[in-house]
Amino acid sequence: QVIKCKAAVLWELKKPFSIEEVEVAPPKAYEVRIKVVATGVCRSDDHAINGSLVTPLPAIIGHEAAGIVESIGEGVTTVKPGDKVIPLFVPQCGKCSVCKHPEGNFCLKNSQGICTSVILLSHTLMCLCVALTSMTKPQGTLMDGTSRFTCRGKPIYHFIGTSTFTQYTVVDEMSVAKIDADSPLEKVCLIGCGFSTGYGSAVKVAKVTQGSTCAVFGLGGVGLSVIIGCKAAGAARIIAVDINKDKFVKAKEVGATECINPRDYEKPIQEVLKEMSGGGVDFSFEVIGRFDTMMAALLCCHEAYGVSVIVGIASSAENLPMNPMLLLTGRTWKGAVFGGFKSKDSVPKLVADFMAKKFPLDPLITHVLPFEKINEGFDLLRSGK
């Protein structure tokens, strides 16, 4: 049956969410309807609000969540009603060439334009991998090309196959993972995006090594998760970089050995980091989404063997010029979505690792708000709090 519930609808760009009553249709074949219990506030959602990440409107945004399966459509086998689950903004069909590749995670069935309106234009190295029209023009629907949401008699678009700023959502089966029945949903929801993206960038994409030196640019939730990953991988030095000194206490709590503010130096920050590390860090991570910090992160890693990972989403309006000689000497420059993790396989394992106390999530949670105060949550995000 159709469920009526509350949702935060984005009717126009750069406007607050409107808490509305929406109708959520039952799941069709190979779809899952989820009662959303907790959802995180992610910078990518804010990019959709301000228009730098293209998505059709009106829409229900949100992609970092955890919930309970309410009902399933015909043919669904991997989850059942009552299961605790995490929606996946990067699906895993298990059948395409990317899913079958041991290192790939950007499933070709991802027709919802997950961040690619930005990523394909700004991360030029990824342009060759996925060049599908559907990727650069997000449909705002489920796989069958239709929406499950209506409000005020109008269809409401989905957001990157998840749409979690609602009490109930519908996702394709390939976009949901069953997790530990005892897991606290208000914490493990962060594994749906921010934590996994940062942690995986360190342990899976960069493959940080024991005793290495790392630099992390940007100390939001994803940047802190990169630090957690670097520490878990055995890095000896983790240098945290941010212009907001209020972030330093939390960075050290999760594993940073040093924290520096670029505004405290007359030299470019990459020169400071090269001096601090005796020629360049082993691994660097840009977790902001700015071209200047992407270049600083690349330049601060050692020219002969340094690895720099782009994690932050940059503006799609420009391209980043760079001199190929910066790579010819031995540097590696790379990026990945969702920390390089194959989502359906990896999310249950990450939740199990959290339950086994292999990494913390509590330090990433700064505020817990009722759903009706979602706009205040975004105000806190934008203010750096």
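Domain bounds here come from an automatic or database domain assignment. The model is predicted, so local features need pLDDT of at least 70 and side-chain atom pairs count only at pLDDT 80 or more, while totals for chains, interfaces and linings use all residues. Residues are numbered from 1 along each chain as its sequence is written, and side-chain values use heavy atoms, with hydrogens and water left out.

**Exercise 1: the two domains**

Find which residues make up each domain, and how far apart the C-alpha centres of domain 1 and domain 2 lie.

Solution. Start with the bounds: domain 1 takes in 3–116 + 139–192 + 342–375, and domain 2 covers 198–337. Then take the C-alpha centres of the two domains, which are 29 Å apart.

**Exercise 2: the interface**

Work out how many residues of each domain are in contact, and what area is buried between domain 1 and domain 2.

Solution. Begin with contacts (heavy atoms within 4.5 Å): 15 residues of domain 1 touch twelve residues of domain 2. Next comes buried area, the accessible area (1.4 Å probe) that two parts lose on being put together, summed over both. Its value between domain 1 and domain 2 is about 1,100 Å², with 64% given by carbon and sulfur atoms. On the side of domain 1, Glu 103, Pro 363 and Leu 364 supply 36% of the area buried against domain 2, more than any other three residues.

**Exercise 3: salt bridges and polar contacts**

Identify the salt bridge between domain 1 and domain 2, then look for salt bridges in the whole structure.

Solution. The rule asks for a side-chain nitrogen of Lys or Arg within 4 Å of a carboxyl oxygen of Asp or Glu. Across the interface of domain 1 and domain 2 it finds one salt bridge. Lys 207 and Glu 103 form a salt bridge through their side chains, at 3.7 Å from N to O. By class, the side of domain 1 that touches domain 2 holds nine nonpolar, five polar and one charged residues. In this scheme Ala, Val, Leu, Ile, Met, Phe, Trp, Tyr, Cys and Pro count as nonpolar, Asp, Glu, Lys and Arg as charged, and the others, Gly among them, as polar.

Now widen the search: the whole structure has 19 salt bridges. One of them pairs the side chains of Lys 187 and Asp 362 at 3.2 Å, N to O. This pair links distant parts of the chain, 175 residues apart, with Lys 187 in helix α6 (residues 185–188) and Asp 362 in the loop between α13 (343–355) and α14 (374–382). Helices (H or I, at least four residues) and strands (E, at least two) are DSSP runs, numbered from the N terminus.
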